Amino acid sequence: MSRLQLALNVDDLERSIGFYRRLFGTEPAKLRPGYANFALAEPPLKLVLIENPGHGGSVNHLGVEVESTETVDAVQRRITADGLTSTDERDTVCCYATQDKFWVDDTPDGEQWEIYTVLDENPASVAPSGCCGDHASDEAEACCAG
């Protein structure tokens, strides 16, 4: 199963959780300080909320969550063959999970796209360093700041 990830900056995490709880009729799959995500089956979406006061309503980053490292590798090989470049991040802790991923380089308008798989939900992680890699903006790095 693959699903699209949409990471949004929000001004008020609790208010946003309340809204999306009602909109999708479900509870968040993960709650951490300044961070929540909803793992929806229908539509297949991982909605990530990142508390970032003053930037609410803007896109933090986009991603595609895939089933395995093998799938991450296959997508990376495919885009490389098509002339795109990427930056690898393996066994990295980001957004309170251990992931294998890569970021797509040189997107047309500077948008942040990651292709990733979750290796471990890593519930004990707090404020890991290097979150979301060099490609992420300061706002994206806030996703892991506890």
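**Note on the salt bridges of a predicted model**

1. At a relative accessibility of 39%, Glu121 counts as partly exposed, and in this predicted model Glu121 forms a salt bridge with Lys30, with the closest N and O atoms 2.6 Å apart. The two residues come from distant parts of the chain, since Glu121 sits in the loop between strand E8 (113-120) and helix H3 (138-141), whereas Lys30 belongs to strand E2 (residues 30-32), 91 residues apart. Lys30, for its part, is buried, with a relative accessible area of 6%.

2. As for the chain as a whole, it has 3 helices and 8 strands, which follow one another along the sequence in the pattern β-α-β-β-β-β-α-β-β-β-α. Of its 146 residues, 47% count as buried, and among contacts between residues at least 6 apart in sequence, 58% join residues at least 24 apart.

3. Asp73 and Arg90 form another salt bridge, in which the closest N and O atoms are 2.8 Å apart; Asp73 lies in helix H2 (residues 69-81) and Arg90 in strand E6 (residues 86-94), 17 residues apart. Both partners are partly exposed, Asp73 with a relative accessible area of 25% and Arg90 at 29%.

4. Is the pair of Lys101 and Glu114 buried or exposed? Lys101 counts as buried at 0% relative accessibility, and Glu114 is likewise buried at 2%. Their salt bridge brings the closest N and O atoms to 2.6 Å, and because Lys101 lies in strand E7 (residues 97-104) and Glu114 in strand E8, the pair ties together parts that are 13 residues apart in sequence.

5. A search of the whole structure finds 7 salt bridges, and those that share partners join Arg3, Lys46 and Glu65 into one network.

Conventions
Residues numbered from 1 in each chain as written. Predicted model: local features only at pLDDT ≥ 70, side-chain atom pairs only at ≥ 80, totals over all residues. Heavy atoms only, no water. Helix = DSSP H or I, 4+ residues; strand = E, 2+ residues; numbered from the N terminus. Buried < 20%, exposed > 50% of the residue type's maximum accessible area, 1.4 Å probe, protein only. Contact = heavy atoms within 4.5 Å. Salt bridge = Lys/Arg side-chain N within 4 Å of Asp/Glu carboxyl O.
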